[in-house]
Amino acid sequence: DVVQLGDAQGLKQSFRFEKTRPDDFIRELTHINDVVTNKKSYSPISLTRGLETMMVIAAAHKSALERRTVSIDYSRGFIPSGLI
């Protein structure tokens with residue numbers, strides 16, 4: 001796996017990481033595929049929980065970029081303007 005960092009001028013740095021556990025999420029991915037392809041009709045994975053998790057990740061990212069505390073206003077929905 002490779003992570004690339006870039007700046008406004010387009011300068012990039014690449015960092016290579018050797019996989020030590022390449023199948024970490026294979027069971028989760030197989031489960032999602034089974035639900036999407038109708039092989040399973042039930043999933044304990046909550047879409048709302050996934051959206052909440054993504055908002056926390058987005059808030060952390062925005063906080064790091066802007067170097068300030070970022071809050072989440074869930075009343076605005078799961079959209080970028082919910083990050084305040």
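Is Arg76 buried, exposed or partly exposed, and what is its relative accessible area? Arg76 is partly exposed, at 42% relative accessible area; buried stands for under 20%, exposed for over 50%, and partly exposed for the range in between (1.4 Å probe, protein chains only).

1. Basis. The model is predicted: local features need pLDDT of at least 70, side-chain atom pairs count only at pLDDT 80 or more, and totals for chains, interfaces and linings use all residues. Residues are numbered from 1 along each chain as its sequence is written, and side-chain values use heavy atoms, with hydrogens and water left out.

2. Strand 1 (residues 2-6) and strand 2 (residues 12-16) pair in the antiparallel sense over 5 bridges. Strands here are DSSP runs of E with at least two residues, helices are runs of H or I with at least four residues, and both are numbered from the N terminus. Two strands count as paired if DSSP finds at least two bridges between them. The two strands form a hairpin with 5 residues between them, and Gly10 in the turn has a positive phi of about 90°.

3. Val2. This residue lies in strand 1, and its bridge partner in strand 2 is Arg16. Apart from neighbours within four places in sequence, Val2 is in contact (heavy atoms within 4.5 Å) with Ser14, Phe15 and Arg16. Val2 is partly exposed, with a relative accessible area of 44%. Between Val2 and Asn33 there are 31 residues of sequence separation and a C-alpha to C-alpha distance of 25 Å.

4. His31. Helix 1 (residues 26-36) contains His31. His31 is buried, at a relative accessible area of 14%. Residues up to four places away in sequence aside, His31 touches Lys40, Tyr42, Ser43, Pro44 and Ile45.

5. Nonpolar patch. Ile45, a contact of His31, also belongs to a nonpolar surface patch together with Phe25, Ile26, Leu29, Ile32 and Val36. The patch has about 620 Å² of accessible area in total, computed by the Shrake-Rupley method with a 1.4 Å probe, where for residues only the protein chains shown count as cover. Patch residues have over 30% relative accessible area and no salt bridge; like charges are joined within 9 Å, and nonpolar side chains (Val, Leu, Ile, Met, Phe, Trp, Tyr) within 5 Å.

6. Because Glu52 and Arg49 are 3 residues apart in helix 2 (residues 47-66), about one helical turn separates them. Glu52 is partly exposed at 26% relative accessibility, whereas Arg49 is exposed at 56%.

7. The other salt bridges. Glu66 and Arg68 form a salt bridge in which the closest N and O atoms are 2.6 Å apart. Glu66 is partly exposed, with a relative accessible area of 40%, and Arg68 is partly exposed at 34%. Arg76 meets Asp73 in a salt bridge with an N to O distance of 3.3 Å. Asp73 is partly exposed, with a relative accessible area of 21%.

8. Aromatic pair. Rings of Phe, Tyr and Trp (its six-membered ring) pair if their centres lie within 6.5 Å; planes under 30 degrees apart count as stacked, over 60 as edge-to-face and the rest as tilted. By this rule there is 1 aromatic pair. The ring centres of Tyr74 and Phe78 are 6.0 Å apart and their planes stand at 70°, so the pair is edge-to-face. Tyr74 is partly exposed, with a relative accessible area of 40%, and Phe78 is partly exposed at 36%.

9. Positive phi outside glycine. Asn38 is not a glycine, yet has a positive phi of about 65°. Asn38 is placed in the loop between helix 1 and helix 2 and is exposed, at 67% relative accessible area. Arg67, also a residue other than glycine, has a positive phi near 50°. Arg67 belongs to the segment after helix 2 and is exposed, at 77% relative accessibility.

Definitions and conventions: Salt bridge = Lys/Arg side-chain N within 4 Å of Asp/Glu carboxyl O.
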